[in-house]
Amino acid sequence: MEGETRTLGSYRLIELLGQGGMGEVWRASHLRLDREAAVKLIRAEALGSAWEASVAKRFEREAQATAKLTSPHTIDIYDFGRAEDGTFYYAMELLDGLDLDVLVRRHGPMPAARVVTLLRQVCESLAEAHHEGLVHRDVKPANIYACRQGLAFDFVKVLDFGLVKPVAADAEEASRLTAEGAIAGSPAFMAPEAALGSSPIDARTDLYALGCVGYWLLTGQLVFPADTSMKMVIFHVQQPPVPPSVRSGFGVPLDLEAALMACLAKSPDDRPQSARELGERLAACACANEWGDAEAADWWRQHVGCAAAPGEADG
């Protein structure tokens, strides 16, 4: 598309922000409104004929599932459609921030109080999704953004509901929609039941992944580092995690560590039973009020001076 101006629906594509094997994310502007957006698309030529229907269904599901959620901590979806050339696309709010994967890679692990602040906001997003009967199934640092929004800093947005499914979804349909030659989700953040298919996938599966996210924020390390995805999955199923305090360069308060280790329990019954419960537990941590607007604003002014695109393109 270099040198071209292309429109998708009501949006003119301006700048390529990211791409993967099948998808792209573009900075775009609305043709009639003075508003920029991020447009996520999957090109028809990237899909084999056998995959087109299932990918189209998954893409539509992501847009519809996300659009029905109203939490301020869930990405806003503006539009969805399919172009004449078969390209699937949807437009979403353009975020000014960094995803938590990039943030830690660039700036290192975070103090406990900041971790609590970020995770509590993720819990708010997930609590609404779970209340609506939706499980995200791909909670990971790259799908969580810390943003500058209005006058707020460290404002969290959860995105990329591409693997979302209703809790009561038909098993055969779910298998068709997520089959990609591997189990659905990200191995570094995958709950044992998601890897084994041994228990129903529900809200507690997302909370396991969120425990892995918290571990990453505190330590800058994965819960189970491994040189292959399969080894990583096996570790999630079989190995007990090393407490984050052993790996963190910061002090990890006992109450926060206990909350994260509870999320990482192998059995869903031993984890917090809801995002709301986990959020309340995090709010009760002694450090919960030690990172506020002033601390967040100071950090952003010192370390970040650029806008970022919302998420990785699918692929």
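A residue is called buried here when its relative accessible area is under 20%. By that cut-off, 16 of the 20 residues of helix α3 are buried in this predicted model, so the helix is largely enclosed by the rest of the structure. The length of α3 also works out. The helix covers residues 112-131, and at 1.5 Å a residue its 20 residues should span 28 Å. After α3 comes G133, a glycine with a positive phi, near 80°.

Strand β1 takes in residues 7-8 and strand β2 residues 11-19, and the two pair in the antiparallel sense over 2 bridges. T7 sits opposite R12 of β2. Together β1 and β2 make a hairpin with 2 residues between the strands. G9, in the turn, has a positive phi of about 60°. On to the next pairing: β2 is joined by 7 bridges to strand β3 (residues 23-30), and these two strands run antiparallel. Within that pairing, E15 has R27 in β3 as its bridge partner.

E15 and R27 turn up again when it comes to charge. They form a salt bridge, with the closest N and O atoms 3.4 Å apart. Since E15 lies in β2 and R27 in β3, the pair ties together parts that are 12 residues apart in sequence. As for accessibility, E15 is partly exposed, with a relative accessible area of 39%, whereas R27 comes in at 16% and counts as buried, the cut-off being under 20%. R27 also meets the side chain of E36 in a salt bridge, at 3.3 Å from N to O. E36 is partly exposed, its relative accessible area being 39%. Taken together, E15, R27 and E36 are linked in a network of salt bridges.

Another charged pair is R148 and D96, whose side chains meet in a salt bridge at 2.8 Å, N to O. This one links distant parts of the chain, 52 residues apart. R148 belongs to strand β9 (residues 144-149), while D96 is found in the loop between β6 (88-92) and β7 (97-99). Both ends of the pair are partly exposed: R148 has a relative accessible area of 23%, and D96 has one of 26%. In total, the structure holds 12 salt bridges, among them E15 with R27, E36 with R27 and R148 with D96.

Key: Residues numbered from 1 in each chain as written. Predicted model: local features only at pLDDT ≥ 70, side-chain atom pairs only at ≥ 80, totals over all residues. Heavy atoms only, no water. Helix = DSSP H or I, 4+ residues; strand = E, 2+ residues; numbered from the N terminus. Expected span 1.5 Å × (residues − 1). Buried < 20%, exposed > 50% of the residue type's maximum accessible area, 1.4 Å probe, protein only. Pairing = 2+ DSSP bridges. Salt bridge = Lys/Arg side-chain N within 4 Å of Asp/Glu carboxyl O.
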